[in-house]
Amino acid sequence: MTPNGSAIRAIREAQQLSIRALSERTGINRGYLSRLERELIRETTDERVEVIAQAMRVPPAAITHKEMKP
């Protein structure tokens, strides 16, 4: 799945949630989350996207890039 780093960051900041707090909620390393937000990680598992989305109380589609179907 292709995460949308800028959307993850925007939602996290709008919720006044630190990257440390998101890390604690998800169990995902802060460095990994930071790299996701900066779009240094282009693909991640569906499970990680789901965990992040649940922690921020948004649907997974809100934090992913829509893939174009031919």
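**View 1. Q16, out in the open between two helices.** With 76% relative accessibility, Q16 counts as exposed. In this predicted model, Q16 belongs to the loop that links α1 (5-14) and α2 (19-26). Have a look at the backbone here: Q16 is not a glycine, yet its phi is positive, at about 50°. For context, most residues other than glycine have a negative phi.

**View 2. E39, another loop residue with a positive phi.** Here we've moved along to the loop between α3 (30-37) and α4 (46-56), where E39 is found. Phi of E39 is near 60°, again a positive value in a residue other than glycine.

**View 3. Where α2 meets α4.** Two packed helices are described by the angle between their axes and the distance between the axes. For α2 and α4, that angle is about 115° and the axes are 9 Å apart. The crossing of this pair is right-handed. On the α2 side the contact is made by L22, R25 and T26, while α4 brings in V51, I52, A55 and M56. Sorted by class, that gives five nonpolar residues, one polar and one charged.

**View 4. Inside the largest nonpolar core.** In soluble globular proteins, nonpolar side chains tend to be buried together. The largest core in this model has 16 residues, and the ones touching the most other members are L22, L33, L36, I52, M56, V58 and I63. Helices α1, α3 and α4 each put in at least two residues. Which helix supplies the largest share? That's α4, with five residues.

**View 5. M56 and its contacts.** M56 turns up both in the α2 and α4 contact and among the core residues that touch the most other members. Setting aside neighbours within four places in sequence, M56 is in contact with I8, I11, R12, Q15, L17, L22 and I63.

**View 6. Stepping back to the whole chain.** The C-alpha atoms fill a box of roughly 40 × 20 × 20 Å along the principal axes. Of the 70 residues, 39% count as buried. Among contacts between residues at least 6 apart in sequence, 62% join residues at least 24 apart.

Terms used:
Residues are numbered from 1 along each chain as its sequence is written. This is a predicted model: local features need pLDDT of at least 70, side-chain atom pairs count only at pLDDT 80 or more; totals for chains, interfaces and linings use all residues. Side-chain values use heavy atoms; hydrogens and water are left out. Helices (H or I, at least four residues) and strands (E, at least two) are DSSP runs, numbered from the N terminus. Buried means under 20% relative accessible area, exposed over 50%, partly exposed in between (1.4 Å probe, protein chains only). Axes are lines fitted to C-alpha atoms, for helices over the stretch in contact, and angles run from 0 to 180 degrees between N-to-C directions. A crossing is left-handed if the near helix is turned anticlockwise from the far one by less than a right angle, and right-handed if clockwise. Contact means heavy atoms within 4.5 Å. Ala, Val, Leu, Ile, Met, Phe, Trp, Tyr, Cys and Pro count as nonpolar, Asp, Glu, Lys and Arg as charged, and the others, Gly among them, as polar. A nonpolar core is a set of buried Ala, Val, Leu, Ile, Met, Phe, Trp, Tyr and Cys residues joined through side-chain atoms within 4.5 Å.
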